[in-house]
Amino acid sequence: DDLRDHAVNVVFQDDVVPRLGVARARRLLFFLEHFEQAWRPMYEADKGSAATRVQNVWSPNYRDQVHDVIADAGYQIAGGEEATAQRIRAGKEKLAWIQSSLRFPPVPPEVAAMAQEAANDKSLEPLHCPLYIPGRIVHITALPNGAYEAFFVGRSHDALDNLQIYTNMVSDHQSAAYRGGLERVLAARRAPAQPPQWESFLATAYCRCCASNFTWNSTFHSASQESVSRKNCRLCGRLVCSTCSSHKVVLSHFGHPLPERICDFCYYDPELLLPRALQS
């Protein structure tokens with residue numbers, strides 16, 4: 001508190017270092033143990049997929065049977081109305097499977113109380129003093145449309161007081177990530193246009209570009225990998241697979257000063273080729 005008027009610290013997205021602490025780590029381990037029944041099946045599924053890939057000498061992956069158009073967009077699939085209906089039913093069942101697999105059961109009150117009691121145990125804290133980020137804290141995070149913004153938050157805010165596992169929790173600590181985050185915030189505030197809202201991760205069971213499973217080119221195929229493999233195009237907001245969004249383009253008019261992921265629909269759109277060529 002004494003440093004509040006003299007220091008400002010920035011936390012970029014999911015950087016794990018400012019969130020490190022014995023109590024937070026103990027609380028995370030406690031919940032991971034409690035939710036083992038939720039994550040263990042996904043872990044076993046991915047382990048089996050990896051073993052199968054190794055047995056096949058890491059043979060290349062191929063897309064599912066490619067349909068002329070995406071069925072849930074209301075068009076007919078080759079094979080008639082019954083094939084279209086089957087495709088739609090399969091998509092709905094898959095979305096339900098992903099949603100149920102990633103929805104952890106509610107924490108029983110007694111478990112929450114035990115976790116809090118474990119977190120409050122200060123016996124392992126350095127100097128028996130909880131660790132907090134000093135001074136005023138600015139948290140840089142991404143909005144639902146992909147634009148970056150910075151907010152003042154308290155040191156005990158949920159975004160900082162909980163240690164959670166993210167794929168970018170280590171890379172977000174790099175100096176280049178912090179510099180890029182600050183540049184993105186400034187660019188977003190000066191941008192002449194707002195980027196489109198991203199399509200929900202549960203809006204479709206198939207890639208909007210190739211109409212295939214999102215994990216078709218991945219070694220793993222669990223519900224957690226399904227979630228990771230879903231990408232949003234920064235130009236149109238469509239939900240696409242990682243292979244159909246491998247191109248990156250600077251979208252300065254949307255406040256993206258660095259190359260951002262866009263889908264193949266947008267990348268090969270003739271109306272966008274000329275502006276992109278002029279920009280480069």
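Cysteine 210 counts as buried, at 10% relative accessibility, where buried means under 20% relative accessible area, exposed over 50% and partly exposed in between, computed with a 1.4 Å probe and protein chains only. The sulfur of cysteine 210 lies 3.7 Å from the closest cysteine sulfur, that of cysteine 207, which is too far for a bond. Cysteine 266 is likewise buried, at 7% relative accessibility, and its sulfur is 3.6 Å from the closest cysteine sulfur, in cysteine 236, again too far for a bond.

The structure, a predicted model, holds zero disulfides, a disulfide being a pair of cysteine sulfur atoms within 2.5 Å.

## Basis and confidence of the model

Residues are numbered from 1 along each chain as its sequence is written, and side-chain values use heavy atoms, with hydrogens and water left out. Because this is a predicted model, local features need pLDDT of at least 70 and side-chain atom pairs count only at pLDDT 80 or more, whereas totals for chains, interfaces and linings use all residues.

The mean pLDDT of the chain (the predictor's confidence in each residue, from 0 to 100) is 77, and 71% of the residues reach 70 or more. Where pLDDT is low, the predicted coordinates should not be read in detail.

## Overall architecture

The secondary structure comes to nine helices and seven strands, taken as DSSP runs numbered from the N terminus (helices H or I, at least four residues; strands E, at least two). Of the 280 residues in the chain, 36% are buried. Among contacts with a separation of 6 or more, 67% join residues 24 or more positions apart.

## Selected positions

Serine 224, placed in helix α7 (residues 223–228), is partly exposed, with a relative accessible area of 25%. Although serine 224 and tryptophan 39 are 185 residues apart in sequence, their C-alpha atoms are 8.7 Å apart in space.

Leucine 32 belongs to helix α1 (residues 22–34) and is partly exposed, with a relative accessible area of 30%.

How values were computed:
Contact = heavy atoms within 4.5 Å.
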